[in-house]
Amino acid sequence: MATLNDEIKRRRTFAIISHPDAGKTTLTEKLLLFGGAIHIAGAVKSNKIKKTATSDWMDIEKQRGISVATSVMGFDYGDYKINILDTPGHQDFAEDTYRTLTAVDSVIIVVDVAKGVEQQTRRLMEVCRMRNTPVIIFVNKLDREGRDPFEILDELEAELKIGVRPLSWPINIGAKFKGVYNIYEHSLDLFTPNKQRVSERVEIDDVNDPRIDEAVGETDAAKLRDDLELIEGVYPEFDKEQYLQGKLAPVFFGSALNTFGVKELLDCFVEIAPSPKPVVAEEREIRPEEDAFSGFVFKIHANMDPNHRSCIAFVKICSGKFERNVGYKHIRSGKVMKFAAPTAFMAQKKSIVDEAYPGDIVGIPDTGNFKIGDTLTSGEEIHFKGLPSFSPEMFKYIENTDPMKSKQLEKGIQQLMDEGVAQLFVNQFNGRKLIGTVGQLQFEVIQYRLLHEYGAQCRWEPISLYKACWIESDDAQALEAFKKRKHQFMAVDREGRDVFLADSSYVLTMAQQDFPAIRFHFSSEF
Ligand code: G4P
């Protein structure tokens, strides 16, 4: 019988991240195909919210409904149990993605070979860097014209601020793309454009093998040998330890659409990617092999049915075995709770599960007990460190337009903030409630949901702000002086922490210069 340790060792929980359109959905789908979790291409794709600039209610509703199913995709691959945590494609939901990254043990970053590193990728990588998350990079769309692979490697290194080491190498690109040489396994994969089948593979002992010349022609074979020599000269040997510490990213090249280079990526991934790691709680470090169960809520998904304010709380298991109908302590409330219908996510289906292990995600139906960041344990008082909130970029005052429904509005705002839809600040100068988001879409979602789920009506009032940042200081007097000077721009977050509302980047820079004793933080985890 498999022990807890065996179960932990075989788990790989990760997320795929990219700038919209680089190929995240396509790659996810191909990985599911290899895992036998789906049988036709297109199954994941149809679930995607279209990345149009204008939002549409149907899209939001559809996204909310379907993304429960695609939030976690679990499947077995060989001896491994893989959990892919989906992250929303729309950049207005970036905050959701940041939080999902707290629940994974590693990530795969997809980059478009023609576009290189784009803005969203850069930001997501910052979150990975904060947590030293191991990263593998997949350079996609080699079947299309794109940039020189060496140039892409330089850009990855400079822009993502991480060491890189190619583990596969393309032979030409675009119309002349012939295949990929697998440096990791010493084999040559020849490109046969085919959307669903695995390509032809030639096992090679050494780069001087004449079979390479036969397969791709002498000129390209010579170019490949030159490139490989350059790679060996420029890039250090792949060092797994450095990868696990988040300092070095192995790079693969391929074409997700053509299922090319994907299996190589997956095979290397399961071998090198970490199984669930210890998690640091405020009290101590929790190791996955500990017998006692612990986990935290990293995502709350509201239900489609507006008449029942039910939702699903996604719990990442950090240690021990989770069992159905066993009482677990909800640390924030101190209550012991039993869950009769926890769900697991396998092969895009959700079904009731009796037990789950570290690295797994269980979905727990809930009616408002949970808040993002909540800890559940077998009894021990531990608090997993709060999930970071990032300094929002868009702000609006929220105003009640139906005085008869102010209670409903209040409750609605509280619950939506618990779900992590946006962040609430209270301006200390005028007492008004300020909502901060990372995208315009959130304001529309909030207004819509307040009306449909809580019967409350609100109106937005614009305010021009550049950033909200958390401030602190060891010097109480300096802090008071700052707050006094900036009293019109001081707010508190839901935990009562001081937040400075800077109305321009100039004002922020000046404040940083003028008040050296104050620390300005751009994420709530400090
Ligand atoms: P995303 O989730 O990162 O946003 O990207 P997605 O997988 O949806 O891919 C974006 C577009 O890029 C899709 O085309 C997809 O078919 C295409 N694509 C993905 N991988 C490759 C590849 O290896 N080569 C080429 N040539 N294209 C690729 P679309 O036209 O937006 O969607 P669809 O109409 O094909 O569904």
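The following paragraphs lead from the chain as a whole to one of its helices and then to its aromatic rings.

The structure is a predicted model, in which local features need pLDDT of at least 70 and side-chain atom pairs count only at pLDDT 80 or more, while totals for chains, interfaces and linings use all residues. Residues are numbered from 1 along each chain as its sequence is written, and side-chain values use heavy atoms, with hydrogens and water left out.

The chain contains 14 helices and 31 strands; helices (H or I, at least four residues) and strands (E, at least two) are DSSP runs, numbered from the N terminus. Of its 526 residues, 55% count as buried, where buried means under 20% relative accessible area with a 1.4 Å probe and protein chains only. Among contacts (heavy atoms within 4.5 Å) between residues at least 6 apart in sequence, 72% join residues at least 24 apart.

Helix 2 deserves attention. Ten of the eleven residues of helix 2 (residues 24-34) are buried, so the helix is largely enclosed by the rest of the structure. Among these buried residues are Lys-24, Glu-29 and Phe-34. The buried residues of helix 2 pack against strands 1, 2, 3, 4 and 5 and against helix 10 (262-272). Just after helix 2, Gly-36 adopts a positive phi of about 70°.

Two packed helices are described by the angle between their axes and the distance between the axes. The axes of helix 2 and helix 10 come within 10 Å and cross at roughly 70°; axes are lines fitted to C-alpha atoms, for helices over the stretch in contact, and angles run from 0 to 180 degrees between N-to-C directions. Helix 2 is therefore roughly perpendicular to helix 10, a description that covers angles of 65 to 115 degrees. Leu-27, Lys-30, Leu-31 and Phe-34 of helix 2 meet Val-262, Lys-263, Leu-265 and Leu-266 of helix 10.

The aromatic rings come next. The whole structure holds 18 aromatic pairs, that is, rings of Phe, Tyr and Trp (its six-membered ring) with centres within 6.5 Å. Phe-482 and Phe-515 form an edge-to-face pair, 4.8 Å centre to centre with 90° between the planes; edge-to-face means planes over 60 degrees apart. Phe-482 lies in helix 13 and Phe-515 in the loop between helix 14 and strand 31, so the pair ties together parts that are 33 residues apart in sequence. Both Phe-482 and Phe-515 are buried. Elsewhere, Phe-293, Phe-322, Tyr-328, Phe-339 and Phe-370 form one aromatic cluster.

Key: Rings of Phe, Tyr and Trp (its six-membered ring) pair if their centres lie within 6.5 Å; planes under 30 degrees apart count as stacked, over 60 as edge-to-face and the rest as tilted. Buried means under 20% relative accessible area, exposed over 50%, partly exposed in between (1.4 Å probe, protein chains only). Angles under 35 degrees count as roughly parallel, over 145 as roughly antiparallel, 65 to 115 as roughly perpendicular and the rest as oblique.
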